Amino acid sequence: MNASQKLLVWVEGLLFVILALLIETTFPETITSHNYYLEISLTLLIFYSFRRGDIAGYIAGAVLGLGIGYFQVENIQTEWMVLVASAVQYAMAGLAGKFARNLQRTLFNRRMKSVYLNLITGTVLSYLAFFILKFIFNQYVLHVGEIANGPYAVTIGLSFLGNVVLGVAILFIILNVSAKYWIPKNTPYISRKERSRLLND
C-alpha cells in the first residue's frame, strides 16, 4: 500500500469517526427506564474495520472513544481516566477487522454463507469485548452507575444482546443494499491477479 492509499484509509477513518460522533449526539446514550446502553456508533466503526482491517479499526475506535469521553467530562485533568476507558472500549471495534480478509474474499467470490458468518462473528466479538470492558471500567475503575454487581451485570448483558441484534441487522442491510461498499478499491486482501481474472471471465 503506497502513501496515497494509506492517506485515503486515514481520511476515510476520520470521516467515519466524525459521522459516529454525530450519531452519538443524535441518539441517547441509554434507553428505557432500565438505562440500557445504545451504541449505534460502534456499528459504524465495525463496518469501517471490515473495510480497512483491524489496525485502522483500533485507531479509529480509540479516536472516537477519546471524542466521546471528551464530551462527557468537565475537567480533563481530574477525569482523564474517563477518556482512557472510553478510548479502550471503542477501540474494540477493531476486532471485527480480524475478519476483514475472510469477509472480503468470500464476498468477492460470492460465498455468502461464509460472508454472513464472518460478519456475525466479527460483530459479536467487537460488541462482547466492548461491553466486558465497559462493565470492568464502570464497576471497578470509574465507580459509576449501579454498584451492585447483579443488577448492573444484567443491564450490561441485555445491552450487549440488544446492540448485537441491532448492529448485525444494520450491517446486513448495508451488505444487501450495496455489497460493493464492503470491498474498497485497492484493498490488500484481493490481489490484482484475482481482480483481472474476474474481469476476464
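Figure 1. A search through the whole structure, which is a predicted model, comes back with three salt bridges. Let's start with Glu 12 and Arg 51, whose side chains meet at 2.8 Å, N to O. This pair links distant parts of the chain, with Glu 12 in helix 1 and Arg 51 in helix 2 (residues 40-52), 39 residues apart. Are Glu 12 and Arg 51 buried or exposed? Both of them are buried.

**Figure 2. Glu 12 also pairs up with Arg 52.** Here the side chains of Glu 12 and Arg 52 form a salt bridge, 2.7 Å from N to O. Glu 12 sits in helix 1 and Arg 52 in helix 2, so this pair ties together parts that are 40 residues apart in sequence. How much of each partner is accessible? Glu 12 has a relative accessible area of 11%, and Arg 52 has 15%. Buried means under 20%, so Glu 12 counts as buried at its 11%, and so does Arg 52 at its 15%.

**Figure 3. Lys 98 reaches Asp 54.** In this view, the side chains of Lys 98 and Asp 54 meet in a salt bridge of 3.0 Å, N to O. Lys 98 belongs to the loop between helix 4 and helix 5, while Asp 54 is part of helix 3, so the pair ties together parts 44 residues apart in sequence. Asp 54, with 16%, is buried.

**Figure 4. A nonpolar patch lies on the surface.** Which residues form this nonpolar patch? They are Leu 7, Val 11, Leu 14, Leu 15, Ile 18, Leu 19 and Leu 22, and together they have about 660 Å² of accessible area. Pick out Leu 15, which lies in helix 1 (residues 3-26). Leu 15 counts as exposed because its relative accessibility is 55%, and exposed means over 50%.

**Figure 5. Phe 16 is a buried residue of helix 1.** Now look at Phe 16, which is also found in helix 1. Is Phe 16 buried or exposed? Its relative accessibility is 13%, so Phe 16 counts as buried. Ser 41 is 25 residues away from Phe 16 along the chain, and the C-alpha atoms of the two are separated by 9.2 Å.

Figure 6. The whole structure has two cavities of 30 Å³ or more. Shown here is the second largest cavity, with about 30 Å³ of space. Its lining is made up of Ile 23, Glu 24, Phe 27, Pro 28, Leu 38, Ile 40 and Ser 41. Helix 1 and helix 2 are the elements that give two or more residues to this lining. Sort the lining residues by class and you get five nonpolar, one polar and one charged.

**Figure 7. Here is the largest pocket.** How much space lies in the largest pocket? The answer is about 450 Å³. There are 21 lining residues, and the closest to the centre of the pocket are Glu 29, Ile 68, Gln 72, Val 82 and Lys 134. Two or more lining residues come from each of helix 1, helix 3 (54-72), helix 4 (80-90) and helix 6 (112-141). Which helix gives the most? That's helix 4, with five residues. By class, the lining has 11 nonpolar, six polar and four charged residues.

Figure 8. Most residues other than glycine have a negative phi. Arg 110 is not a glycine, yet its phi is positive, at about 60°. You'll find Arg 110 in the loop between helix 5 (100-108) and helix 6. Arg 110 is exposed, with a relative accessible area of 62%. Asn 186, another residue other than glycine, has a positive phi near 60°. Where is Asn 186 found? Look in the loop between helix 7 (149-177) and helix 8 (192-200). Asn 186 has a relative accessible area of 48%, so this residue is partly exposed.

Definitions and conventions. Residues are numbered from 1 along each chain as its sequence is written. This is a predicted model: local features need pLDDT of at least 70, side-chain atom pairs count only at pLDDT 80 or more; totals for chains, interfaces and linings use all residues. Side-chain values use heavy atoms; hydrogens and water are left out. Patches are made of residues with over 30% relative accessible area and no salt bridge: like charges are joined within 9 Å, nonpolar side chains (Val, Leu, Ile, Met, Phe, Trp, Tyr) within 5 Å. Accessible areas come from the Shrake-Rupley method with a 1.4 Å probe; for residues, only the protein chains shown count as cover. A salt bridge is a side-chain nitrogen of Lys or Arg within 4 Å of a carboxyl oxygen of Asp or Glu. Helices (H or I, at least four residues) and strands (E, at least two) are DSSP runs, numbered from the N terminus. Buried means under 20% relative accessible area, exposed over 50%, partly exposed in between (1.4 Å probe, protein chains only). On a 1 Å grid over the protein atoms alone, a cavity is a set of points where a 1.4 Å probe fits but cannot get out, and a pocket is an open set with protein on both sides within 12 Å along at least five of seven lines; lining residues have an atom within 4 Å of a point. Grid points are joined across faces, edges and corners, and a volume is the space filled by probe spheres set on the points. Ala, Val, Leu, Ile, Met, Phe, Trp, Tyr, Cys and Pro count as nonpolar, Asp, Glu, Lys and Arg as charged, and the others, Gly among them, as polar.
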